[in-house]
Amino acid sequence: MGDVLSTHLDDARRQHIAEKTEKILREFLRFYEDQYGVSLFNSMRHEIEGTGPPQSQLLWRKMPLEERIIFSGNLFQYQEDNKKWRNRFSLVPHNYGLVLYENHVAYERQMPPRAIINSAGYKVLTSVDQYLELVGNSLPGITSKSGSTPILKCPTQFPLILWHPYARHYYFCMMTEAEQDKWQAVLQDCVRHCNNGIPENSKVEGPAFTDAIRMYRQSKEQYGTWEMLCGNEVQILSNLVMEELGPALKAELGPRLKGKPQERQRQWIQISDAVYRLVFEQAKVHFEEVLSKLQLSRPAMEAVIRTDMDQIITSKEHLASKIRAFILPKAEVCVRNHVQPYIPSILEALMVPTSQGFTEVRDVFFKEVTDMNLNVINEGGINKLNEYMEKLSQLAYHPLKMQSCYEKMEPLRLDGLQQRFDVSSTSVFKQRAQIHMREQMDNAVYTFETLLHQELGKGPTKEELCKSIQRILERVLKKYDYDSSSVRKRFFREALLQITIPFLLKKLAPTCKSELPRFQELIFEDFARFILVENTYEEVVLQTVMKDILQAVKEAAVQRKHNLYRDSIVLHNSDPNLHLLAEGAPIDWGEQYGDSGDGSDSGGSPSPSEAATLTEKRKRVKQVVSVIQDEESGLPFEAGSELPSPASPDSVTELRGLLAQDLQAESPPPASPLLNGAPVQESPQPIAVLEASSPPASPLGHLPPGKAMDIDIPKPSDQETGEQVSSPGSRPPIHTTTEDSAGVQTEF
């Protein structure tokens with residue numbers, strides 16, 4: 001690898017790449033600085049006027065999944081340095097960064113992880129053929145001959161590959177199709193979460209950044225949705241730069257690559273990853289510098305906005321009226337001829353899979369609560385309630401149980417419309433709807449938890465508790481139906497705008513865009529940071545099509561299509577005290593309703609050592625999924641074992657036998673219950689229980705602001721750091737590699 005990079009990325013070429021990156025970044029950041037003032041004004045105006053959607057009926061969890069691990073387990077990973085498959089122990093913390101350890105022993109001994117992967121921008125592939133097709137398309141002109149050795153060989157029929165158009169790729173494999181399905185659900189959940197990298201509570205910086213991305217790409221005549229708008233700001237900015245650098249770099253370096261086709265493909269992947277890392281570091285420095293400058297100037301801008309809010313609004317409305325008079329005739333004709341006839345078709349294509357997904361969320365929630373109620377009747381009432389509620393509280397973040405909901409969005413197609421409206425991919429709509437599903441599931445679960453916790457304060461008997469659970473379930477489902485209707489209608493409106501507005505702007509650009517500069521003189525110089533002609537023009541275009549979109553969604557609701565509520569149906573203060581209940585401390589079911597003892601039969605007060613054990617039990621990391629493993633596939637793989645490439649199915653069977661023999665030498669896990677409610681299995685499973693009493697040191701040494709944790713599970717930061725991941729003085733340095741948030745590999 002070193003020879004490839006030193007040959008094709010020498011100092012002169014690196015300097016050339018840095019200069020081109022610098023030019024792109026400076027151009028984009030001018031757009032960002034312009035949009036920051038507009039976004040700040042819009043945010044303050046919204047706050048003062050108090051406009052917004054109606055209050056939801058369901059409660060929302062303010063700090064979801066704190067001190068949780070989504071899952072842990074073992075999987076085989078392909079090592080590119082020695083071309084062998086190695087078994088890795090992996091876990092995913094609540095921020096969905098895939099953490100890979102050498103083995104489970106390395107995790108227990110607090111050794112640094114081999115890799116921390118932020119999967120934003122990645123695709124999860126389930127076949128080598130899919131991967132080879134994408135790799136072949138990434139470097140045109142290189143085609144492998146029939147029968148030649150492919151770039152990757154998988155020793156089983158069940159691979160999972162993380163593919164990225166610019167960054168390095170990751171190769172995994174499983175022993176059975178059932179394991180592959182489970183891991184695929186987990187990795188897709190990681191991708192879905194990491195793609196949504198810009199915090200939604202960022203009311204100024206987030207909208208300013210996404211608007212700047214859109215304005216910059218439109219200045220390059222690139223309209224429509226962009227598939228690589230995923231991850232945090234630095235990742236998105238790196239993708240933006242690579243989108244421009246990539247074609248020229250391919251044209252320059254592609255003909256110079258030597259060797260067989262698969263070797264040239266491998267070289268290009270290494271070069272692309274190295275360039276992506278260079279771009280990422282440069283983008284990080286520039287973005288943080290500009291953001292810091294804007295945040296320093298924010299108080300002065302806020303003072304001007306507060307003082308002159310009315311004048312700014314008046315000035316903007318005057319500008320909008322002039323632009324409207326100029327473009328309205330052209331825009332209305334364009335909407336009537338090219339957009340309006342297609343709105344019902346687009347809406348129907350969106351409504352069917354989305355509504356099926358939300359219905360599945362409702363069904364899964366109903367089934368889980370009903371099963372819990374039956375268990376309360378049959379297995380001991382309140383004494384077991386803490387176990388059931390611990391599991392239920394994590395339902396929205398259980399990738400396997402939520403998979404049936406997410407799968408409903410996969411059939412989404414815009415056949416015939418996708419090319420017309422320049423929609424590069426429907427994945428952006430699928431993932432947004434899936435995120436809404438997870439949020440609504442968690443809101444329903446949290447509302448149920450809160451109401452049940454209130455009911456338990458009355459000291460009900462087992463029979464009374466079961467009746468209360470059923471009554472609360474019905475109450476929550478009514479609230480869910482109302483909220484899910486509101487969320488879906490908002491999603492449909494936003495999706496229709498996201499599809500049609502870029503199309504309209506592109507259609508109107510030849511006749512309207514060149515005339516926009518003359519409207520600049522209508523803006524007072526003092527307000528020029530908060531009013532932009534381009535933004536006002538887009539708002540006017542939006543208004544021309546908005547009435548048709550609102551009417552289409554309203555008609556769908558009036559016809560009771562897909563269980564949508566009419567806009568006239570508004571539930572006002574149906575539970576006036578419910579939202580007050582959510583202001584209390586988070587409910588800890590294990591702490592409040594768990595067993596007071598440690599499981600022993602001895603009476604009296606616990607000894608100091610027993611008390612310490614209880615404390616550690618309470619601190620133990622809670623897992624949503626313990627082990628990703630097919631029940632029929634035998635024991636978990638022995639950590640650190642190598643996986644040979646099997647020539648036939650018999651070698652897979654032989655491999656399983658060898659793994660089972662190796663595991664017989666393992667010592668059994670501590671005899672304590674799993675915190676996700678799963679019983680301890682008799683057979684040795686060294687990864688079934690994770691203790692927080694000896695947590696591994698964080699490889700990045702970084703926690704998000706306000707996210708203090710009692711445990712120290714390694715967390716990928718929101719931005720690439722390139723830091724050393726081993727703590728000085730804590731353990732001998734180990735020569736290995738780690739990948740931070742962007743999937744970027746560094747030596748330490």
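Predicted model: local features only at pLDDT ≥ 70, side-chain atom pairs only at ≥ 80, totals over all residues.
## Packing of α9 and α14

Helix α9 (residues 343-378) packs against helix α14 (residues 533-558) at an angle of about 50°, and their axes are 10 Å apart. The two helices are therefore oblique to each other. Their crossing is right-handed.

On the α9 side, Ile343, Leu347 and Met351 make the contact; α14 contributes Val545, Asp548, Ile549, Ala552, Val553 and Ala556. Of these contact residues, eight are nonpolar, none is polar and one is charged.

Ile269 lies in helix α8 (residues 261-339). With a relative accessible area of 11%, Ile269 is under the 20% limit and so counts as buried.

Setting aside neighbours within four places in sequence, Ile269 is in contact with Tyr131, Val135, Ile151, His169 and Tyr171. Arg168 is 101 residues from Ile269 along the chain, yet their C-alpha atoms are separated by 6.6 Å.

## Aromatic pairs

The model has 24 aromatic pairs. One of them joins Tyr78 and Trp85, which are tilted, at 5.3 Å centre to centre with 55° between the planes. Tyr78 is buried at a relative accessible area of 13%, and Trp85 is buried at 3%.

The ring centres of Phe365 and Phe448 are 6.2 Å apart and the planes are at 85°, so this pair is edge-to-face. The pair links distant parts of the chain, 83 residues apart: Phe365 is in helix α9 and Phe448 in helix α12 (residues 427-456). Phe365 is buried, with a relative accessible area of 2%; Phe448 is also buried, at 0%.

Ring pairs also link Phe28, Phe31, Tyr32, Tyr36, Phe209, Tyr216 and Phe287 into a cluster.

Methods. Residues numbered from 1 in each chain as written. Heavy atoms only, no water. Axes fitted to C-alpha atoms, helices over the stretch in contact; angles between N-to-C directions. Helix = DSSP H or I, 4+ residues; strand = E, 2+ residues; numbered from the N terminus. Parallel < 35°, antiparallel > 145°, perpendicular 65-115°, else oblique. Left-handed = near helix turned anticlockwise from the far one by under 90°. Contact = heavy atoms within 4.5 Å. Nonpolar A, V, L, I, M, F, W, Y, C, P; charged D, E, K, R; others polar. Buried < 20%, exposed > 50% of the residue type's maximum accessible area, 1.4 Å probe, protein only. Phe/Tyr/Trp six-rings, centres within 6.5 Å; stacked < 30°, edge-to-face > 60°.
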